[in-house]
Amino acid sequence: MTAPTITPPQLSLARQAADAALAVLPTSQALIAGDPTVPDASTMIDGQAVTARFSGAATGEVVVVVGQDLADALKESPLGELDLTAAVRPALEAASRVFGPVVLDPGQVMEPQVALSALAAKEGAVAVPLRDDAEVRAVLALSLSPWPSDDPVLAAATGGGVAQRSEAPAVGRRGGLDMLHDVEMEVSAELGRTRMSVRELLSLTPGAIVELDRAAGSPADLLVNGRLIARGEVVVVDENFGIRITEIVSPGAE
């Protein structure tokens, strides 16, 4: 059986996608993109993979495999266990946008071997090892149907499919909590809570009043990933609600 070959447009776009992903991927080492290759045993690393499909100007799938250090840092964050998919999503989006305007699905976490093996079974799959001076620390893998050389519309959207490789921005050597500094998280404010029976919920109508477990004028709670981190006063800023922080809640003091 003839080994799959990677065409020049695939090489160029895969490198560009890898550079784009590296700019927003949380890492504990300064990484650079290696030479694109067909996904195989050499691209398998210990860690976790996040895979997502995209469609629009191009249709395909993108996989980012991160090292176990990032997976552990997210799991043991002082703010509680954080979502790996949310942490890696900016890198997935950056890589897929190289192919033009696309919509990315929510994505899912998988074992690296399962994710890369499934991608390798698809025609035109390409993997880019992301490495430091010593070894591969992460992997970006892509499949596209079809690649630009076969699709004049996509080729036009991506500048003919032969993009100039840009140098990946330097990523400082970071470890532990530092690598999470650029991870986006959902922050919510809570005025209060109550408990209601199903009967009471079904009886709600416009104009109904739901009494909360908090007195008027009491501070609102600020939660990150469902964990209370601060309290504050509700204010209005340019016609939008906001919270003026009055208290930072110490871990375990909820």
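Two strands pair if DSSP finds at least two bridges between them. The exercises below apply this to a predicted model.

**Exercise 1. Find the bridge partner of V187 in β9, and say in which sense β8 and β9 pair.**

Step 1. Locate the strands. β8 spans 187–190, and β9 covers residues 220–224.

Step 2. Look across from V187. Its bridge partner in β9 is V224.

Step 3. Check the pairing. At least two bridges are needed. β8 and β9 have 4 bridges, in the antiparallel sense.

**Exercise 2. Give the strand order of the open sheet that contains β8, and name its edge strands.**

Step 1. Read off the order. The sheet has 4 strands, arranged β8-β9-β10-β11. Their pairing is antiparallel.

Step 2. Find the edges. These are β8 and β11 (240–248), since each of them pairs on one side only.

Step 3. From one strand to the next, it averages 40°.

**Exercise 3. Work out what the salt bridge between R15 and D35 ties together, and classify R15 and D35 by exposure.**

Step 1. Note the distance. The side chains of R15 and D35 meet at 3.6 Å, N to O.

Step 2. Place the residues. R15 belongs to helix α1 (residues 8–22), while D35 is in the loop between β1 (32–33) and β2 (47–56); the pair therefore ties together parts 20 residues apart in sequence.

Step 3. Apply the cut-off. Exposed means over 50% relative accessible area. D35 has 54%, so D35 counts as exposed. R15 has 25% and is partly exposed.

**Exercise 4. State how many salt bridges the whole structure holds, and name the members of a network.**

Step 1. Take the total. A search of the whole structure finds 11 salt bridges.

Step 2. Pick out a further pair. R137 and E135 meet at 3.6 Å, N to O. R137 is partly exposed at 28%, and E135 is partly exposed at 41%.

Step 3. Name the network. Salt bridges link R214, D221, R231 and E247.

How values were computed: Residues numbered from 1 in each chain as written. Predicted model: local features only at pLDDT ≥ 70, side-chain atom pairs only at ≥ 80, totals over all residues. Heavy atoms only, no water. Helix = DSSP H or I, 4+ residues; strand = E, 2+ residues; numbered from the N terminus. Axes fitted to C-alpha atoms, helices over the stretch in contact; angles between N-to-C directions. Salt bridge = Lys/Arg side-chain N within 4 Å of Asp/Glu carboxyl O. Buried < 20%, exposed > 50% of the residue type's maximum accessible area, 1.4 Å probe, protein only.
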